[in-house]
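Work through the exercises below with the model open beside you. Try each task before you read its solution.

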Amino acid sequence: MEKLAGVLLSSLFAAGLYATMSYGLAVIYGVMRIINLAHAGLMMLAAYVTLSLNTWLGLDPFLSLLVVAPLFFGIGVVLDLTIVRRLPRGGNAPSMQSLLLLFGLWLVLQNLAYLVWSGDTQSILTPYTMTSVHLLGESYGVPLLLVFGVSGLSLVGLDLLLRRTFLGKAIRAVTQNRDAARLSGVNADRISAVAFGLGTAFAAIAGTMMSTLYAFTPDFGRSFLLKAFCIIVLGGLGSFTGVAVGALVLALIENVFAAYTPIPTSFQDAISFSLLVLVLVAAPNGLPALFRGFSRKALAR
Amino acid sequence: MKAPLTRSLVWFGVLAAGLLGAPAAAERGTLNDLWNVAFAIVLASAWNLLGGFAGQISLGYSAFVGIGAYTTVLLAMAGWNPWLTLPVAAALAVAFSVIIGLPTFRLRGPYFSIATIGVGEAVRVIASGVEFTGGSSGLRMPSGGFNFISNYYGMAVLALFTVAVVFFIHHDAFGLALDAIRQDIDAAEALGVQSTRYKLLAHAVSAALVGAAGGLFAMNFQYISPGSVFDFRLSLSIVLMPIVGGIATLVGPVLGAVLFSYLQIKLLASPALRDSYLFIYGGLLMAVMLFEPRGMVGLWERLVRLRSRQRPQAAEA
């Protein structure tokens, strides 16, 4: 019983980070119908920026979020204005062209990090990196708890932005129907730039937090990118509550496999990638749609 | 758009003469480079069958190279003649292509591409974790009996065979079905094209060719590891070559393969460039997507059009 409680708690903590890194993808997908393959590169870059702030200024990684998140918001807006906007808009389905363009951007970012920070494995040590807290008979590292707290805060912030502000309303309007939003006077291009900035900022928040938990190289982030895809597909592309549920489901599956099966942890990624393929195939519109489909069938009977 | 038959035959003839005639004239170093060109042509042209003509962009093709290479090494370690392992390598790659194709071909466009990254990564993670692949430290071919020249001819013939296979498929009803799937899968289905069947078939043909190339790769390098044959960077260059050369054309992947092999040789030669190969790869990909999605072939056609437009003006003046 205690083991189960431990597994549930670990899953919850992991889910916070997972949700943060997935929201960025989901915002961009929702507004622009673009799958941002450069997301992994932006997370990696944010981790390196955090590292530099830490070594030069001695800035705490969690405090550096105040610098990194606005910085990457700006980077995202600039990327949209200079590169992403030039693509022909591919209607309601994401285009291969945007996928490959951002794939190219990811490679360029990797090389940039390699030239600036070299290919060595880096990590950030803080005074509390090795400290831990006991909860329900298990011990959890302090960084993990902080990451969970910051994730929660940033997600609440995003939710408030989307629900309570005019900008948020415009973002949701463009997500639901771009043409209708433009007809009612929303500047969809400007909203796209904001959305790309927001998505990039969330990638940066996730990247900064990951830098306190994991060692990283310029190649960092690919497996997390795949997990983020898995999550937004699980949650249904473009649905924000769905993303949180998807993050929790993936974290639960990973932790349950780790705790109750003899499968070594080195195969953990293989599990999530197989899950990704499985989910894409079984429920291409996400679990919510799958459940709706089931209940509709049950009602029809 | 189909190029005239004679033009296709001419450049195919030049390619064949160059690849097959080289051992008579060139030194070992040049032949090594040409071996790489032939290897790249197999990968790029075979990928183009599914990724180009059928429009299903797979980012997980290193899995087939890896399966082919490991089949050859493992069977050779069991005492097989390396050449006899190649059909088995191709067959296993085909089997794997069907296993992953059946679920993933239900996905469309970018979703398919993302799923293939997942498949490729899962295969690499598993290959580094299990016993029989030698784990991350890799496996060595049993020594002896290796002849570079015969391996070179093997790869050159495989490259020409691949181009020929793609040519015949392109000029067959099969090729028309693939074109239809790329242009509008719903319309193709409505006209009775069984899209999943054709996608599986295209996947299988290209997997067989890539698997056999993987076997020859293992024979040539004598040593393989999950880091070399299941590498994401390999999947990456397999995708980049046809896209930069000209996706869904016959000559495009060959041009891309030659360009990339040349780049690779240059990159390996200079340390400054070696550190920035991802800049070059990523920059090329972005430039192609932004300015000329049809790659070098598209650029060429644009030039030709420009010249034919200028000529009448010149006559008037």
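**Exercise 1: the fold of chain B**

Chain B has 15 helices and two strands; both are DSSP runs numbered from the N terminus, helices being H or I with at least four residues and strands E with at least two. This is a predicted model, where local features need pLDDT of at least 70, side-chain atom pairs count only at pLDDT 80 or more, and totals for chains, interfaces and linings use all residues. Residues are numbered from 1 along each chain as its sequence is written, and chains are lettered from A in the order in which they are written.

Task: work out what share of the 317 residues of chain B counts as buried.

Solution. Apply the cut-off: a buried residue has 20 or more other C-beta atoms, placed from the backbone, within 10 Å of its own. In chain B, 49% of the residues pass.

**Exercise 2: where chain B touches chain A**

Task: find which helix of chain B gives the largest share of the side that touches chain A.

Solution. Start with the contact, which takes 33 residues from chain B and 34 residues from chain A. Two residues are in contact if their C-beta atoms, placed from the backbone, lie within 7 Å. Next, list the helices of chain B that each supply at least two residues: helix 4 (82–104), helix 5 (109–129), helix 11 (232–245) and helix 14 (277–291). Helix 5 of chain B gives the largest share, 14 residues.

**Exercise 3: the extent of chain B**

Task: state what box the C-alpha atoms of chain B fill.

Solution. Take the principal axes; the box is roughly 75 × 50 × 35 Å. For contacts in chain B with a separation of 6 or more, 78% join residues 24 or more positions apart.

Definitions and conventions:
A residue is buried if 20 or more other C-beta atoms lie within 10 Å of its own, exposed if 12 or fewer, and partly exposed in between; C-beta atoms are placed from the backbone.
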